[in-house]
Amino acid sequence: MIGIVLCGGLSSRLGFDKMNIQKGNKPLFQWWKNMLNPICSNVYISCTLEQKLKYKIKNAILDEELNKGPMSGIITGIKKFPTESILVVACDLVNLNEDNIKTLSTLRDKNKMATCYLNNENNLPFPLFTVYENKIFSLLLNEYYNGRKSALDVLLKSEINIINNNINLKGINTTADLLEYQNSLNC
């Protein structure tokens, strides 16, 4: 299984690159790389060329299309590793921990098209912390190239394994989210 940390977004609502956010005294993308290394054969950072150069990222895969959302990073990973299963995670998911990662890996069902957590806020599968098996790749590619660009829509139409644990899947998208995260560190 390959790990891909999605970092290529604009972070426009936040106002600065999410890759600058720290967790465990490391940039988020590096924290995620360290967390995924024990369960993935390789971990790649999906980003832009500018980010790769700025942060000196060695294991980078460059987003195929810029500013097209998380699906661009997922599609780039699928094209680079068409026979591998891919664990995808958005870099700004600061509330997840090692236990959540182990649970996703342990409960992974290779006979299904994907394994993901249930987002308890909307009762839907959460596509940005998911193991995508290679048998779902053609559906994701079809979705992307037909202009729909929603991994969630593909998950909803597929036979998937959903983990129903009450975990915090909230990412950092705004300055308010960042302040909430920083305040939680001071508690």
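1. Strand β1 is covered on both faces: Ile2, Ile4 and Leu6 are buried on one side, and Gly3 and Val5 are buried on the other. The model is predicted. The strand spans residues 2–6, and because five of its five residues are buried, β1 is largely enclosed by the rest of the structure.

2. Two pairings involve β1. With strand β4 (residues 42–47), β1 pairs in the parallel sense over five bridges. Gly3 has Val43 of β4 as its bridge partner. Strand β6 (residues 86–90) also runs parallel to β1, and five bridges join them. Here Ile2 stands opposite Ile86 of β6.

3. A nonpolar patch on the surface is formed by Leu49, Leu53 and Leu62, which together have about 290 Å² of accessible area. Leu62 belongs to strand β5 (residues 60–62). With a relative accessible area of 37%, Leu62 counts as partly exposed, because that class lies between the 20% limit for buried and the 50% limit for exposed.

4. Backbone geometry at Asn123 deserves a look. Its phi is near 60 degrees, a positive value in a residue other than glycine. Asn123 sits in the loop between β7 (114–119) and β8 (124–132). The residue is exposed, at a relative accessible area of 56%.

5. Lys149 also has a positive phi, about 50 degrees, although it is not a glycine. Its place is the loop between α5 (137–145) and α6 (151–156). Lys149 is partly exposed, with a relative accessible area of 30%.

Conventions. Residues numbered from 1 in each chain as written. Predicted model: local features only at pLDDT ≥ 70, side-chain atom pairs only at ≥ 80, totals over all residues. Heavy atoms only, no water. Patch = residues over 30% accessible without salt bridge, like charges linked within 9 Å, V, L, I, M, F, W, Y side chains within 5 Å. Areas by Shrake-Rupley, 256 points an atom, 1.4 Å probe, with all protein chains shown as cover. Salt bridge = Lys/Arg side-chain N within 4 Å of Asp/Glu carboxyl O. Helix = DSSP H or I, 4+ residues; strand = E, 2+ residues; numbered from the N terminus. Buried < 20%, exposed > 50% of the residue type's maximum accessible area, 1.4 Å probe, protein only. Pairing = 2+ DSSP bridges.
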